[in-house]
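Have the viewer open and follow along.

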Amino acid sequence: MPTTLDAKGLTCPMPVLKTKKALKEVPAGETLTVLATDPGSVKDMEAFCRTTGNELLESGEEGGVFRYLIRKGA
Amino acid sequence: MTADSNAKRMTVIVTKGTLDWAYPPFILATTAAALEVEVSMFFTFYGLQLLKKDLGHLQVSTLGNPAMEMPLAGMHLKMPNMVSALPGVDAACTTMMKNLIRKKGVPSIPELREAAIEADVTLMGCQMTMDLFEWTPADMIDGVEVGGAATYMERALKADINLFI
């Protein structure tokens, strides 16, 4: 079942911290969707994924909500 | 922090004990931990305040802080040094800051400290500071490793990033 993390309304560093925590519950190869309103999360989520070996499959914005699709690395 | 791990390491020396200056070390420590960096924080002098059980006493000060401007009714309220001498100004600024923090979704310092503990960040207290200000481990949260400069340096020498905040 796809997992979604709602980090809307939270500023740096909480979207990244909560993403890291949520990914612990996701099996390798599976995906996590993260919703956030912090504009800083766009670059931060890219940096987080690059650094931790997780893959940022999609990154988009709709109506002020940023949506990230992350595939957990091995 | 284990000596045989291949993870990157970071140390942060935390020297300031005001509500505003508590943010940079805890934000960087928790984020580094989320990026799988092994983090040690060394709390010394006023920074040691951030290890006290209750953090309700943390304040911001207008003194020596000419950059402080509080957003108020669409404008920015300057806080000249002079007003810091008035009774209640720092307390009022602290209340304003805490309200802003809540309103904007910025995490509180207790919340960030809890996140650091949860992420296995090593919290080290400066023995000399504790002796100097007559604090005991009973004043501090559990799990604090107390040590001196050499204890810090041993970690710093093995770390990839060392920050002084």
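Before the helices are placed, a word on angles: each axis is a line fitted to C-alpha atoms, for helices over the stretch in contact, and the angle between two N-to-C directions runs from 0 to 180 degrees. With that in hand, look at H2 of chain A, which lies across S2, S3 and S4 of that chain and runs at about 175 degrees to S3(A). H1(A) lies across S1 and strand S2 (31-36) of chain A, at about 155 degrees to S1(A).

Please keep in mind that this is a predicted model. The predictor assigns the complex an ipTM of 0.86 and a pTM of 0.90. For chain B the average pLDDT is 92, and 97% of the residues score at least 70.

**The sheet of chain A**

The sheet under those helices is open, with 4 strands in the order S1-S2-S4-S3 and mixed pairing. Strand S1 (3-7) and strand S3 (55-62) each have a single partner strand, so one side of each of these edge strands is left without a neighbour in the sheet. On average, neighbouring strands here are turned by 15 degrees against each other, direction ignored.

Is it buried or in the open? Of its 8 residues, the number buried is 0, so S3(A) lies largely in the open. Its partner is strand S4 (residues 65-71) of chain A, and the two pair in the antiparallel sense over 7 bridges. Within this pairing, A:Gly60 has A:Arg67 of S4(A) as its bridge partner, while A:Glu55 stands opposite A:Arg71. S3(A) and S4(A) form a hairpin with 2 residues between them. In that turn, A:Gly63 has a positive phi of about 60 degrees.

Chain B has an open sheet of 5 strands, ordered S6-S5-S2-S1-S7, with parallel pairing. Its edges are strand S6 (145-147) and strand S7 (161-164), each of which pairs on one side only. Neighbouring strands of this sheet are turned by 20 degrees against each other on average, direction ignored.

| Strand pair | Sense | Bridges |
|---|---|---|
| S3(A) and S4(A) | antiparallel | 7 bridges |

Which residues touch the most other members of the largest nonpolar core? In this core of 47 residues, they are B:Ala29, B:Ala33, B:Val39, B:Met41 and B:Phe43. Helix H1 (residues 23-34) of chain B provides the largest share of the core, 6 residues. Leaving aside residues up to four places away in sequence, B:Ala29 touches B:Val12, B:Val39, B:Met41, B:Ala116 and B:Val121.

**Where the chains meet**

Finally, the interface: 12 residues of chain A are in contact with 11 residues of chain B. On the side of chain A that touches chain B, helix H1 (14-23) and helix H2 (41-52) of chain A each supply at least two residues. H1(A) gives the most, with 4 residues. By type, the residues on this side of chain A divide into 7 nonpolar, 4 polar and 1 charged.

Conventions. Residues numbered from 1 in each chain as written. Chains lettered and ligands numbered in written order. Predicted model: local features only at pLDDT ≥ 70, side-chain atom pairs only at ≥ 80, totals over all residues. Contact = placed C-beta atoms within 7 Å. Nonpolar A, V, L, I, M, F, W, Y, C, P; charged D, E, K, R; others polar. Pairing = 2+ DSSP bridges. Buried ≥ 20, exposed ≤ 12 C-beta atoms within 10 Å, placed from the backbone. Core = buried A, V, L, I, M, F, W, Y, C linked by C-beta atoms within 7 Å. pLDDT = per-residue confidence, 0-100.
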